[in-house]
Amino acid sequence: MNADRVIEISSLNKSFGDFQVLTKVDLNVSLGERIVICGPSGSGKSTLIRCVNGLEQYDSGSIIVDGISLSEPGGVERVRAEVGMVFQQFNLFPHLTVIENLTLGPMKARGLSRKDADVLAMEYLERVRIPEQAHKRPRELSGGQQQRVAIARSLCMKPKIMLFDEPTSALDPEMISEVLDVMVELAQDGMTMLVVTHEMGFARKVADRMVFMDSGEIVETGTPSEVFEAPKTQRFKAFLDKILQH
Amino acid sequence: MTRFFKIWVLLGACLFVTACTNDGTWGWYVIDPSTAQGQSNVRFLIGGFWATIQLSLIATVLSMTIGLLVALPGMSSNRWVRLPSRVYIEFVRAIPLLPMLFWVFYGLPVVMRSLGFPITIDAFWGAIITLAISDSAFTAEIYRSGIQSIPKGQTEAARTVGLTYSQTMRYVILPQAIRRILPPLANQFIYIVKMSAFASVIGMQELTRRANELVVTEYRPLEIYTLLILEYLVLVLIISFFVRWLERKMGSDESR
């Protein structure tokens with residue numbers, strides 16, 4: 001096993017009833033690698049990254065995250081301790097203030113005192129540049145701010161790997177860049193990232209590798225410069241033409 | 001609310017006037033507080049309030065507890081965990097209150113004795129157990145719909161920041177679901193207050209039992225049962241006022 005390898009997905013299969021969502025998916029991710037997964041809707045890209053932290057179960061194949069197999073007893077819990085996730089709909093806890101959203105995990109799952117958790121939370125709120133919103137409720141914030149809080153909430157658990165499931169798809173256009181900026185900084189700090197997104201500008205800037213999925217399969221992978229210059233498959237080319245034309 | 005009150009005051013006044021003018025068909029004297037006999041009768045009837053309230057309160061608290069314990073496994077993704085909860089709800093919902101009351105009061109002690117737990121169940125606890133179990137099937141469904149109304153993303157987010165299932169329930173799901181759960185639960189309390197009248201048939205000294213006993217000695221069912229209904233009305237109106245207040249408070253919380 002490659003020592004740098006933090007995620008190993010091999011021949012993963014999953015179906016919802018008769019519908020095959022993932023077909024023999026293989027994907028290895030090295031420490032510090034940034035991977036952007038793209039593809040048409042229904043191609044299985046969200047399902048794939050949701051399998052990595054056990055939010056979705058798979059039918060066959062294996063996923064090993066940081067040496068822990070998801071199928072071993074207690075594996076899902078141990079993997080979740082290493083993996084942060086940011087959702088399309090933010091999923092902040094509406095009944096808690098921003099800072100309480102951040103401190104809940106560290107206090108309950110890691111056993112930090114309120115004081116230590118508050119210090120940690122403020123550190124990350126500053127990093128996503130909204131410390132002044134700490135005592136507001138999520139609904140008082142703009143979409144872009146909410147998503148930055150969600151990123152900070154994940155980072156408070158000090159994950160090794162961050163998963164992003166279309167983090168900017170629910171945002172108004174003018175708020176997309178503030179979220180992407182935070183993600184770019186995170187990438188520059190060396191975080192291992194799996195990002196499902198259609199933001200090709202972001203992909204070009206930070207991705208080490210692009211993964212194109214269609215109908216539950218990985219159709220093509222390559223560095224951004226390779227795939228943007230000359231996609232090898234017709235399907236990827238057609239997809240890129242469609243999303244880059246506007 | 002005020003119009004509702006006016007109608008009842010008017011109705012009460014009409015009844016009273018008919019009673020005073022009509023020769024012999026009405027006999028309000030049985031509950032006329034200005035006479036010594038009437039006063040002692042009224043005191044006897046009103047004496048059932050405390051038992052009815054106590055009975056309803058304890059039964060409601062028990063029902064809320066059992067309901068939650070039944071509802072939680074009922075939402076599991078594992079069908080074998082889900083099954084007992086579904087069976088309990090369908091089973092309990094299908095049993096009418098009165099037969100269940102008889103079974104608990106007369107039958108349960110026998111069953112328990114044969115199992116090696118010699119217990120006695122008095123009318124008070126017999127009624128509480130029955131009301132609590134019978135109502136718990138409904139409270140379980142209230143919890144379920146309340147909890148399921150919270151988006152799935154909340155659970156997912158909580159689990160990804162490392163919370164366990166019970167921590168997720170306690171710190172994330174229930175605090176949000178509670179405002180959708182509390183008003184219908186409070187309504188269920190009204191239902192229990194009304195159903196507690198059944199406790200009279202096993203001899204529980206609550207409002208209805210006392211009215212029955214007085215009817216047997218005074219032979220004035222119309223007047224006594226009229227007062228009985230008014231007693232429940234006052235009790236339920238007070239509770240529904242509280243429910244209304246709760247709903248308003250919960251509603252304004254939501255928009256905060």
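Modeller: Helices (H or I, at least four residues) and strands (E, at least two) are DSSP runs, numbered from the N terminus. This is a predicted model, in which local features need pLDDT of at least 70 and side-chain atom pairs pLDDT 80 or more, while totals for chains, interfaces and linings use all residues. Residues are numbered from 1 along each chain as its sequence is written, chains are lettered from A in the order written, and side-chain values use heavy atoms, without hydrogens and water.

A:D214 lies in strand β9 of chain A, residues 209-214. With a relative accessible area of 16%, A:D214 is buried (under 20%; exposed is over 50%, partly exposed in between, 1.4 Å probe, protein chains only). Leaving out residues up to four places away in sequence, A:D214 touches A:P40, A:S43, A:V219 and A:R235 (contact: heavy atoms within 4.5 Å). The side chain of A:D214 is in polar contact with that of A:R235 at 3.3 Å and with that of A:S215 at 3.5 Å. A polar contact is a pair of N or O atoms within 3.5 Å; within protein, one must be able to donate a hydrogen and the other to accept it, and residues adjacent in sequence count only if both atoms are side-chain atoms.

As for the chain contact, 21 residues of chain A meet 18 residues of chain B. Six residue pairs are in polar contact across that interface, both residues at pLDDT 80 or more. On the side of chain A that touches chain B, α2 (75-80), β6 (83-86) and α3 (98-108) each supply at least two residues; α3(A) gives the most, with three residues.
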